[in-house]
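Subject: Structure handover

Hello,

I am passing on the structure we discussed. Please find it here, and read on for the notes.

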Amino acid sequence: MVAAALTVMTATVTAQNIREFFTGAAETTWLGIDFSHVKLIGEFTQFKDAGPIDPQEIRDRYFPAWNSLILNEPSKYDIKGMFQLSNLETNIDMITKLNAETPPKNLTAYEPPKYSCDDMRKWVEAYNLEGKKGFGIVFVAEALNKTLDQGSFYILVIDIPSKTIQLCEHMTGKTSGIGIRNYWAASIDHIITSVKKSEYKKWKTEYVK
């Protein structure tokens, strides 16, 4: 697990906005898991002897399935509790559309990408956040790495009106379970649990100065 330094904003703007977020009472929306830049590394199979599943099926079937888990099992995939929020709205329409438009040919890779918070900034600037306000939480999937049996994600907190990233953290989660959906969902669950147990307190200390 590696903390990624955010350097795209002034300290003043960061302190003002992120302090409001960490009160837990700010208007906040869960925007979803952005898979539009994810890299799939290794062979993806549904079961041991079922053969590989192609990137288009991953995009069309599993990107929506992983996002649906957050909505359908909020007690397990507890985004609200992860950040100790009083209230959390949900609107994943923009991310769902973005994921569906991802070219399958762009998904496969032999090596994990080396994304940064600067990459996140560029991608967030392209988000269509019209009509939304307050803060937005999004996970940006970096790699689903079968070789390492782990998923890596950037966790972002966005100030929606300005499209500035107020928190940017890189995390990895171990995989487990049977079937593609559950196997990779475990990495998301692992990350959420880690944030709830320890990372939230560290981040609050680091970002609210």
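Conventions. This is a predicted model, in which local features need pLDDT of at least 70 and side-chain atom pairs count only at pLDDT 80 or more, while totals for chains, interfaces and linings use all residues. Residues are numbered from 1 along each chain as its sequence is written, and side-chain values use heavy atoms, with hydrogens and water left out.

Confidence. The average pLDDT (the predictor's confidence in each residue, from 0 to 100) is 89, and 89% of the residues score at least 70. Over residues 1–16 pLDDT stays under 50; the model has 31 contacts beyond four places in sequence for this stretch. Contact here means heavy atoms within 4.5 Å.

Overall make-up. The protein has six helices and six strands, taken as DSSP runs (helices H or I, at least four residues; strands E, at least two) and numbered from the N terminus. Their order from the N terminus is α-β-β-α-α-β-α-α-β-β-β-α. Of the 209 residues, 50% count as buried; buried is under 20% relative accessible area, exposed over 50%, and partly exposed in between (1.4 Å probe, protein chains only). Among contacts between residues at least 6 apart in sequence, 73% join residues at least 24 apart.

Cores. A nonpolar core is a set of buried Ala, Val, Leu, Ile, Met, Phe, Trp, Tyr and Cys residues joined through side-chain atoms within 4.5 Å. The largest one holds 45 residues, of which Trp66, Phe83, Phe139 and Ile155 touch the most other members. Two or more residues each come from helix 1 (11–22), strand 1 (28–34), helix 2 (55–72), helix 3 (79–82), strand 4, strand 5, strand 6 and helix 6. Helix 6 gives the largest share of this core, eleven residues. Leaving aside residues up to four places away in sequence, Phe83 touches Phe21, Ile137, Ile155, Val157, Tyr200 and Trp203. A second, separate core has 18 residues, including Met120, Val138, Val140 and Ile165.

Helix 5. In helix 5 (residues 117–125) the buried residues are Cys117, Asp119, Met120, Trp123 and Val124. They lie on the same side of helix 5 because they cover an arc of only 150° around the axis, where the arc is that of the directions from the helix axis to the C-beta atoms. These buried residues pack against strand 4 (135–145), strand 5 (150–159) and strand 6 (164–174). At the start of helix 5, a side-chain oxygen of Ser116 comes to within 3.3 Å of the backbone nitrogen of Asp118.

Single residues. Ser187 sits in helix 6 (residues 180–207) and is buried, at a relative accessible area of 0%. Its contacts, not counting residues up to four places away in sequence, are Gly151, Phe153, Gly173, Lys174 and Thr175.

Most residues other than glycine have a negative phi. Gln84 has a positive phi, near 50°; it is in the loop between helix 3 and strand 3 (89–90) and is partly exposed, at 47%. Lys163 also has a positive phi, of about 55°. Lys163 lies in the loop between strand 5 and strand 6 and counts as partly exposed, at 27% relative accessibility.

Regards

Definitions and conventions:
Polar contact = N/O pair within 3.5 Å; in protein donor to acceptor, adjacent residues only side chain to side chain.
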